[in-house]
Every structure is written in structure tokens, then in C-alpha cells.
Amino acid sequence: MLTSLLPPPTVPVVSKLSASASPKTAKPTRLAALSASASALAVAPAATSDDAPPGGGRLSALIRSLCAAGRTAEAARALSAAGGSAGVVAYNAMVSGYCRAGQLASARRLAASVPVPPNAYTYFPVVRALCARGRIADALAVLDEMRRRGCAPIPPMYHVVLEAACRGGGGFLSAVRVLQDLHARGCALDVGNCNLVLNAVCDQGSVDEALRLLRDLLPSLGCQPDVVSYNAVLKGLCMAKRWGRVQDLMEEMVTVGCPPNIVTFNTLIGYLCRNGLFERVHEVLAQMADHGCTPDIRMYATILDGICKEGHLEVAHEILDRMPSYGLKPNVVCYNTVLKGLCSAERWEQAEELLAEMFDKDCPLDDVTFNILVDFFCQNGLVYRVIELLEQMLEHGCIPDVITYTTVINGFCKEGLIDEAVMLLKSMAACGCKPNTISYTIVLKGLCSAERWVDAEDLMSQMIQQGCSPNPVTFNTVINFLCKKGLVEQAIELLKQMLLNGCSPDLISYSTVIDGLGKAGKMDEALELLNVMVNKGMSPNTIIYSSIASALSREGRINRVIQMFDNIQDTTIRSDAVLYNAVISSLCKRGETDRAIEFLAYMVSSGCMPNESTYTILIRGLASEGFVKEAQETLIELCSKGALRKHLMKHFGIV
């Protein structure tokens with residue numbers, strides 16, 4: 001039973017309120033949470049009387065100011081003019097300024113030749129800039145140079161070098177080599193440096209290498225693995241789905257005196273729940289008790305999420321009921337998880353009961369709760385109930401956000417309530433919520449579907465005036481509507497408007513308009529637009545070529561089609577049967593099956609083999625021109641050769 005996942009109660013079971021109890025009349029309000037943000041200040045080492053003579057502080061401040069303004073040449077002149085009065089702080093400021101300006105060669109030259117004893121902060125900006133560019137070997141050479149000048153590197157430098165090695169394209173072996181190089185240079189590495197590499201190795205999926213690093217390499221570098229080291233490898237083993245090795249490693253942790261902690265168990269529980277291994281969750285919970293760890297609220301939220309995704313909603317609800325007996329009160333995250341599961345399963349009555357329970361248990365609803373409900377109502381066409389829900393959000397101290405409003409707007413549009421969607425869009429700003437590009441695009445799509453082009457045009461103008469820039473999806477939505485209605489001139493105008501609004505047309509933009517022009521019989525304009533697209537460095541795809549080929553074929557310009565096919569450089573497109581089938585289909589529709597068969601020969605000579613669709617188009621073309629017997633004979637022959645499936649004979653009425 002999945003309910004056996006829960007450990008035995010550790011505190012007396014709290015009596016459960018009656019399921020039929022009605023919600024409290026006084027609804028709880030959400031307390032506003034205040035968060036204090038602290039800014040991180042990089043404190044430079046205080047200047048001593050030896051390295052900062054009178055006026056040195058003003059000089060370094062001047063150099064930093066000039067470099068920040070991009071005036072490194074003036075800063076260098078100011079440093080040179082100071083002569084022997086310039087201390088190490090001023091030189092450090094100049095080195096740092098060069099690095100920020102991207103003048104790395106100048107920074108290295110200055111750091112190597114400062115006329116005063118350098119310190120670690122002279123070289124740190126150079127090491128950081130080299131590592132940012134992936135020049136690990138050069139960064140290690142700088143560390144060697146520091147030692148030659150009697151300046152010891154500092155531990156943060158090792159961290160920067162190792163981070164860059166982990167990010168680099170050399171893979172985990174490169175990062176391990178850098179770790180060994182640093183140790184060989186006499187750098188005093190700590191377990192944190194080793195864990196950085198260990199995490200990178202596991203993230204790259206090389207869990208066997210991570211195990212070797214953990215057991216052999218770390219001790220050889222003078223670093224004793226800690227629980228963070230083991231947790232990193234455990235996570236790697238979980239990602240590799242090697243459950244047996246996970247158990248071995250946990251036993252090893254105990255043996256070496258590094259017992260698992262709550263992070264270890266949260267990692268394991270998360271892995272098991274994501275993979276539906278709920279029976280093993282019970283084993284892990286039992287192990288937690290053995291190691292003196294108590295499941296926390298985060299762990300239960302993870303378990304509930306996994307159980308709900310597997311569809312075991314009764315079990316999830318039972319866990320919610322029993323959590324207080326384990327000393328934990330379910331929070332809004334736990335309730336929201338189960339609520340989302342119930343709504344996804346369209347079990348609305350149980351979802352309502354759960355909401356009532358939240359009121360009963362004094363668990364305030366939050367924005368996520370309401371967004372789950374809003375999405376459920378909209379998905380099920382209950383948009384009028386959503387308006388009541390928005391009002392209830394305010395009563396509970398929850399402010400609808402742009403996601404909430406956009407979900408409701410989308411629900412209105414799906415139900416064809418375009419006026420309501422427009423009204424809600426316009427009222428968003430009054431409610432303190434500015435519509436975003438997605439909100440506008442959804443309403444524009446709704447207006448276009450309702451063939452309300454004038455309203456769509458007005459809304460797009462309003463969108464731009466409100467400072468909400470349309471994106472390619474916005475423009476493509478309207479362009480597609482215009483082309484479907486044959487309003488290609490307006491579509492071309494909108495294509496120009498994209499550029500005026502700083503939005504570059506993409507492949508979809510061009511292909512839609514080109515297709516619209518072709519269907520409107522304006523092939524010269526379509527070909528001209530194709531040239532514009534190519535001149536902008538964009539490569540046409542099969543869809544665009546097929547559209548043009550179909551349009552040219554409808555006009556009987558087969559020679560122009562062949563010329564275009566011959567000019568296509570992309571071999572993948574040239575060998576795509578879809579492209580040739582578009583021409584064959586157009587010719588057959590024109591009643592020119594003989595020319596379609598000739599084009600089939602060109603198709604084969606171009607190295608593109610016909611597929612089942614090619615032959616089906618031709619057979620239908622022959623039949624539509626009255627050559628029924630020829631069509632039947634061709635079909636039977638192709639089926640006998642395996643070029644067509646035999647069930648097509650029945651489809652075409654041939655037994």
C-alpha cells in the first residue's frame with residue numbers, strides 16, 4: 001500500500017474535524033511578508049602607510065572614476081604623473097580598470113611591472129578576466145608569476161580558476177587536471193574547491209569518475225570528503241538511476257563517520273518520487289529515523305507532488321490528514337499540490353472539499369491556489385465563475401497577477417467571448433496589473449478569429465502606445481489572419497511595421513506572406529519577397545519552396561520551378577519529397593497529369609526518390625482525368641512491387 005510510505009506517528013494523532021463541517025465564515029487573510037534585501041559590498045583591503053601615502057586614496061578614486069567612464073588612457077596618464085607617490089592601491093585600481101575595459105594585455109603588463117610590492121588584489125582582476133575568457137593555462141601562469149614576486153595567491157583565486165575549468169569545453173577531465181595542477185603548485189586547496197569539481201563531474205553524468213575522485217583523488221590532495229561531497233555523488237547516482245550504488249554509498253558515509261543529513265534524504269526522496277518508486281520512499285523514511293533525521297515540510301511536499309503526478313490522489317489526501325500526527329502542519333504548498341492534482345483529474349467536488357478543509361485548518365489561500373482554480377475553470381469553460389473567483393482573491397488579500405488575468409482572457413477567447421476578453425484586458429491596468437505581450441497576442445488572435453480586423457488593428461496600436469512591444473508571434477498571428485482572408489497587401493504593410501517597431505520578421509513571417517501572395521496569384525511579388533529574405537541572410541525552408549513551387553505550377557510555369565529547384569543549394573531540401581509532391585499535386589489539379597509524370601522523371605533524376613504520397617497523388621490525378629483503368633493498373637503494379645501498401649487498393653475501390 002502506498003499509505004505505508006508514512007512512518008509511525010511520533011506524537012498523538014490530532015482528532016480530525018468532520019469532513020462535512022462548513023468553512024469558517026471569517027476567512028483568513030494573508031499577512032504581507034516583508035523581505036529585507038542586503039547589498040553585497042566588495043571591501044578592498046585597507047591601505048597602510050607603506051602603500052598609500054597622503055593623496056593615494058584620492059588618486060585611486062580618480063583612476064577608478066576615469067576607468068568606469070571608459071577613459072583608461074587618461075587614468076594611465078594620471079597614474080604615470082603621480083610617479084613614486086602612487087601606492088599599490090592606485091596600481092590595483094588601474095589593473096582592474098584595464099580588465100573591465102577588456103584591455104587584458106595592458107592589465108597583464110602593468111601587473112607584471114608595478115614598481116611597488118604587489119599584493120593578491122593586483123593580480124586577482126587579471127586571473128578573473130582570463131578565466132572569463134576560458135584561458136585557464138594563462139591564469140595558472142599568473143599564479144606562478146605571483147609566487148616569483150613573493151606574492152601568495154589567495155583561496156578565492158582557486159575557486160575562480162576551478163569554476164572556469166568546470167564551465168570549459170574540455171569536460172570533467174579538464175577540471176580534474178586543473179585541480180591537480182593547483183595542488184602541484186602548492187596551492188592550499190580545501191574541500192569546497194574539490195566539491196566544486198565534484199559537482200561539475202556529476203552534472204556531466206560521469207558518476208564513476210566522481211566516485212573515483214571522492215575515494216582516491218580528494219584524499220591525495222589533502223582534502224577529506226564531507227557530507228556535501230557525498231551528497232553531490234549521491235545526486236549523480238540518482239540522476240544515473242543507479243539505486244544499488246546509492247545504498248552502497250550511504251553505508252560508506254556511515255562507515256567513514258560522515259552520516260547522511262536532511263539534504264541527503266531530500267535528494268533521495270525527490271529522485272524516487274520523480275521515478276514513481278514510492279515503495280522505496282518507505283525504506284528511505286525508515287533510514288531517516290535510524291540516522292536521527294526527521295522529515296521536514298519540504299520532503300512531504302515532494303512526496304505529495306510525486307504521488308499526485310502518479311494519480312494516487314486518495315493516498316495524497318490521506319498523507320495530508322496524517323501529517324499533524326508526525327508533528328507537521330500541512331502548509332499551503334502541500335495543499336496546492338493536492339488541489340492541482342484534483343483539478344487536473346477533473347475531480348471538482350473533492351477539490352471544493354479540500355478548499356473547505358484549508359479554511360477549516362486555518363491555512364490561508366495564496367496566489368498559487370487561486371491560479372490553479374482559475375486555470376481549472378477556464379479549461380472547463382466555466383469562465384463566468386472565474387469573475388467571482390477574482391473578487392474572492394481580493395477578499396483573501398491575494399492580488400491577481402498577469403498570469404491570472406492572461407489565463408482568464410485566454411478562457412474568454414476560447415469560449416468566443418471576445419468582447420469580455422477585450423474589456424478585461426483594458427481593465428487590467430486599472431487593477432494595477434500591466435498586460436504583457438502574451439495577453440495582447442491572445443486577444444489579437446481572438447479578434448482575428450472573429451474577423452474583427454479593425455478592432456485588431458486598433459488594439460495593436462494601443463499595445464504599442466502602452467509601451468508593450470509586439471513580438472514576432474504577435475505580428476505573425478495577425479499576418480496569418482490577413483493572408484487567409486486574401487488581404488495580402490495589408491499583410492505586407494504589417495511586415496514593414498515589424499521593422500519599424502524593432503521586431504525582425506522570422507521564417508514564419510516570410511513564409512506566411514509568400515504563401516499568401518502565391519495563392520493570390522502575385523507570384524512576381526512573392527519571388528521578390530523571397531529575394532529580400534535571402535538578402536537578409538535567411539535561408540528559405542521546404543515550406544517556403546513548396547509554397548512557391550505550388551503557386552508557379554498553378555500558373556503553368558514549370559520551367560521556372562525547375563530553375564528554382566536547380567538553384568537550391570541545400571541538399572536536405574533538394575532531397576525532400578514534400579517539395580516535389582507539391583508541384584505534382586498542383587499539376588494534377590490543373591488536369592496536367594502527363595506533365596506531372598514528366599516531372600516525376602525530373603524528381604528521380606535530381607536524386608529524390610518518390611514516396612507513397614507521390615504515387616497516391618498521381619493515381620488520383622489519372623482517375624480524375626478519366627483514366628480509371630490506367631490508375632487501377634498502376635496501383636496494382638506499385639502494390640505488387642511494395643511501393644504502396646496493399647490496403648490502398650481497397651481504399652481506391654480495387655479488391
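Start your tour at helix α30: the buried residues of this helix are covered by parts that include α29 (542-554), α31 (571-574), α32 and α33 (593-605). Before you click further, keep in mind that this is a predicted model.

**Stop 1: one face of α30**

Select I558, V561, M564 and F565, which are buried residues in α30. Where do the buried residues of α30 fall? They sit within an arc of 120 degrees, so they line one face of the helix.

**Stop 2: F565 and its partners**

Is F565 buried or exposed? With a relative accessibility of 1%, F565 counts as buried, because the cut-off for buried is under 20%. Show its surroundings next. Setting aside neighbours within four places in sequence, F565 is in contact with A549, R574, L579, Y580, V583, F599 and Y602.

Pick Y580 from that list. Y580 is buried too, at 1% relative accessibility. The ring centres of F565 and Y580 are 5.0 Å apart and the planes stand at 85 degrees, so this pair is edge-to-face; the angle that counts as edge-to-face is over 60 degrees. Follow the chain between them: F565 belongs to helix α30 (residues 558-567) and Y580 to helix α32 (residues 577-589), so you can see a pair that links distant parts of the chain, 15 residues apart.

Together with F565 and Y580, they form a cluster linked by ring pairs.

**Stop 3: the nonpolar cores**

Which residues have the most contacts inside the largest nonpolar core? They are F565 and F599, and this core has 207 residues. Apart from this core lies another one, of eight residues, among them Y615, A631, L638 and C639. As a general point, nonpolar side chains in soluble globular proteins tend to be buried together.

**Stop 4: a stacked pair**

Next, select W348 and F376. How are the two rings of W348 and F376 arranged? Their centres are 5.1 Å apart and their planes are at 20 degrees, so the pair is stacked. W348 lies in helix α18 (residues 348-360) and F376 in helix α19 (residues 367-379), so the pair ties together parts that are 28 residues apart in sequence. Both W348 and F376 are buried.

**Stop 5**

From W348, look for E346, in the loop between α17 (332-344) and α18. E346 is not a glycine, and yet its phi is positive, about 55 degrees. Most residues other than glycine have a negative phi. At 57% relative accessibility, E346 counts as exposed.

Then find D362, in the loop between α18 and α19. D362 also has a positive phi of about 55 degrees although it is not a glycine. At 44% relative accessibility, D362 counts as partly exposed.

**Stop 6: a charge over a ring**

Select R128 and F124. What sits over the ring of F124? The charged end of R128 does, 4.8 Å from the ring centre.

**Stop 7**

Go to S60, in helix α1 (residues 56-68). S60 counts as buried, with a relative accessibility of 2%. Not counting residues up to four places away in sequence, S60 touches V89, A90 and A93.

Now jump to L507, in helix α27 (residues 507-519). L507 is partly exposed, with a relative accessible area of 30%. Beyond its neighbours within four places in sequence, L507 is in contact with M533, M538, S539, P540, N541 and I544.

**Last stop: the whole chain**

Finally, show everything as a cartoon. How many helices and strands does the protein chain have? There are 36 helices and zero strands. Buried residues make up 47% of the 655 residues. Of the contacts between residues at least 6 apart in sequence, 62% join residues at least 24 apart.

How values were computed. Residues are numbered from 1 along each chain as its sequence is written. This is a predicted model: local features need pLDDT of at least 70, side-chain atom pairs count only at pLDDT 80 or more; totals for chains, interfaces and linings use all residues. Side-chain values use heavy atoms; hydrogens and water are left out. Rings of Phe, Tyr and Trp (its six-membered ring) pair if their centres lie within 6.5 Å; planes under 30 degrees apart count as stacked, over 60 as edge-to-face and the rest as tilted. Helices (H or I, at least four residues) and strands (E, at least two) are DSSP runs, numbered from the N terminus. Buried means under 20% relative accessible area, exposed over 50%, partly exposed in between (1.4 Å probe, protein chains only). A charge sits over a ring if NZ of Lys or CZ of Arg is within 6 Å of the ring centre and within 35 degrees of the ring normal. The arc is that of the directions from the helix axis to the C-beta atoms. Contact means heavy atoms within 4.5 Å. A nonpolar core is a set of buried Ala, Val, Leu, Ile, Met, Phe, Trp, Tyr and Cys residues joined through side-chain atoms within 4.5 Å.
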